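This report describes selected features of one protein model. Please examine the sequence and the structure shown here before reading on.

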Amino acid sequence: MNNVNKLFTRCEQLSTFESSLIISEIFFDPTPSKGLPEAEFLELYNRGEKSIQLSEYILWIDQKEASLPTYHLPPKSYLILCKSSEQSLWSKYGEVASPSKWNALKNTGATLTLKRGEKTVFSFHYNPKNFSTELQQGGISLEIIDPSACITDINWNGSIEAIGGTPGTKNSIHGVLDETIEIQDIQLTTPNTLSVQLNQPIQITSALSIDSAHPVDSIIQEQQIIYITFENPLKQSIPYQLHLNNIQTCSGEFTTLSIHWINPLEANTQDILLSEILFNPVKDAVDFIECFNPTMHYLQLSGWSIVNNKEVEVVIPRHTLAIAPKSYFILTSSEETLRNTHQNIPDSCLIIEFSLPAFYDEEGSVILKKGDSIAQHFAYQDDFHYPLLQNTEGVSLERIDFRESENDPSNWRSAAATIDFATPGETNSQQGNRSTPSDECVHAYPTVFTPGNNGIDDYVRIELPCLPTGSTINAKVFDRWGYEVAIIANNINAGSSATLRWDGQDQNQQLVTVGPYIVWIEAFNLQGVLKRWTTKVIVSYP
């Protein structure tokens, strides 16, 4: 543990800890009106326990100042500030006053500051581009969510009041701000200094302690950015972890900030492999490109781009997270949509979100480049899909063998139906090699099961871990006299492995009788490989 007394620290004190007077609503673009007057206003709020004499304060809008009027603002009370000639427009909404002069609020953004003497008690820079499109279109005020919390972007949003704002009253989005501190970005600014960008300001106090296996030389904190300088340069591809204990949030709560960071190596052209592509998603879904890092190093994509067959090239944006060794990562236009569509994506999977070039449904190319050098190139066609599929919409193409060329059509197969036709972030359903598997490829458990939804071994699972690559499977159940009683797989595109399940029902959805049953499985692929297996299971009842 590092002792903070041995560190040189510089911290910007957050005046919001002590300030009672704040601006709680900003109406900077009043047109087109949704019901409010087409005039600007600011709303003041006294969040303290004592009355405030406003004449002691100066309002700054960027570099222009104006004195606040003589007015006692009671505790937990609001006041509408507006141009003196427009007070009559706002008087029906609440208490109204005007500064010595009204400096216009810019629609593109401005810094609003309240000073008492030389002391800044409130400061906030609003930028409409940081908020919703609806707010940018005008007629809606910018409201603070939690007046007692930090004065920062995460504590503001557009009003949801039908008329566009709530002058002189509690804000429409009033609530308790989640003060969970999140890391938004980490950058290496010098060989031994990290810049950590947070989602909200913090305060470092004398109670700070640091847990780190790597000695820390100094900490400099400036509002939402912490600069951490280590005694030694940070090595590449080695995980660094440290915990800053007893940092203080705007509300005064003490918490711990855990920082996990890796100085990744820049990926070379041989370090990234194409693994899976979905170029024809179902309606309202998105394309994705899955890649694999086969190395033992943490990597970053610096100077990489992706290109389609129309030579449309898009730079892959820098990502704060490193690509872990032996791991998959995904390129797509919407992480949220992708995870909603493919819900088995591991939480730990790195998804890089940006606008992909168009990948056409009939044919196209996926080209990964580093600078001018081509790293991977796959020219795909819809015809590469499994021929027995009646509809290829929503079906990805998976690479079978990383040891074989990525541009060999025979090295790609349709993802298996048994895993919903795609495996983003996971081992491909078709991954393996193109050799013939062994005969030991059926495992049924439990071999004795008790169907009937009694909660105890209601069904039997039949694992097929080593099917011929690109297999189609059929599976039927026969009783002891050889009569067919159920079909549990009928021409299913299964890839190189599959799991089947039988719940003890016959073809009429009736439970079968007690006794032994034979499960017959057939697997074949378009290369002429045909395999058949049988396994015995027993139906029993409590």
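How many bridges join strand 6 to strand 11? In this predicted model, strand 6 (residues 58–61) and strand 11 (residues 110–116) are joined by four bridges and run antiparallel. Within this pairing, tryptophan 60 has threonine 113 of strand 11 as its bridge partner.

Both strands belong to an open sheet of four strands, in the order 7-6-11-12, with antiparallel pairing. The edges are formed by strand 7 (64–67) and strand 12 (119–126); each has a single partner strand, so one side of each is left without a neighbour in the sheet. On average, neighbouring strands of this sheet are turned by 20 degrees against each other, direction ignored.

Attention now passes to the aromatic side chains. The structure holds 17 aromatic pairs. In one of them, the ring centres of tyrosine 45 and tyrosine 78 are 4.6 Å apart and the planes stand at 35 degrees, so the pair is classed as tilted. Tyrosine 45 belongs to strand 4 (residues 41–46) and tyrosine 78 to strand 9 (residues 78–81); the pair therefore ties together parts that are 33 residues apart in sequence. Tyrosine 45 and tyrosine 78 are both buried.

Elsewhere, ring pairs link Phe279, Phe378, Tyr380, Phe384 and Trp412 into a cluster.

Charged residues also lie over ring faces, as the table shows for lysine 310 and arginine 501.

| Charged residue | Ring | Distance from the ring centre |
|---|---|---|
| Lysine 310 | Tyrosine 360 | 5.8 Å |
| Arginine 501 | Tyrosine 459 | 4.3 Å |

How values were computed. Residues are numbered from 1 along each chain as its sequence is written. This is a predicted model: local features need pLDDT of at least 70, side-chain atom pairs count only at pLDDT 80 or more; totals for chains, interfaces and linings use all residues. Side-chain values use heavy atoms; hydrogens and water are left out. Two strands pair if DSSP finds at least two bridges between them. Helices (H or I, at least four residues) and strands (E, at least two) are DSSP runs, numbered from the N terminus. Axes are lines fitted to C-alpha atoms, for helices over the stretch in contact, and angles run from 0 to 180 degrees between N-to-C directions. Rings of Phe, Tyr and Trp (its six-membered ring) pair if their centres lie within 6.5 Å; planes under 30 degrees apart count as stacked, over 60 as edge-to-face and the rest as tilted. Buried means under 20% relative accessible area, exposed over 50%, partly exposed in between (1.4 Å probe, protein chains only). A charge sits over a ring if NZ of Lys or CZ of Arg is within 6 Å of the ring centre and within 35 degrees of the ring normal.
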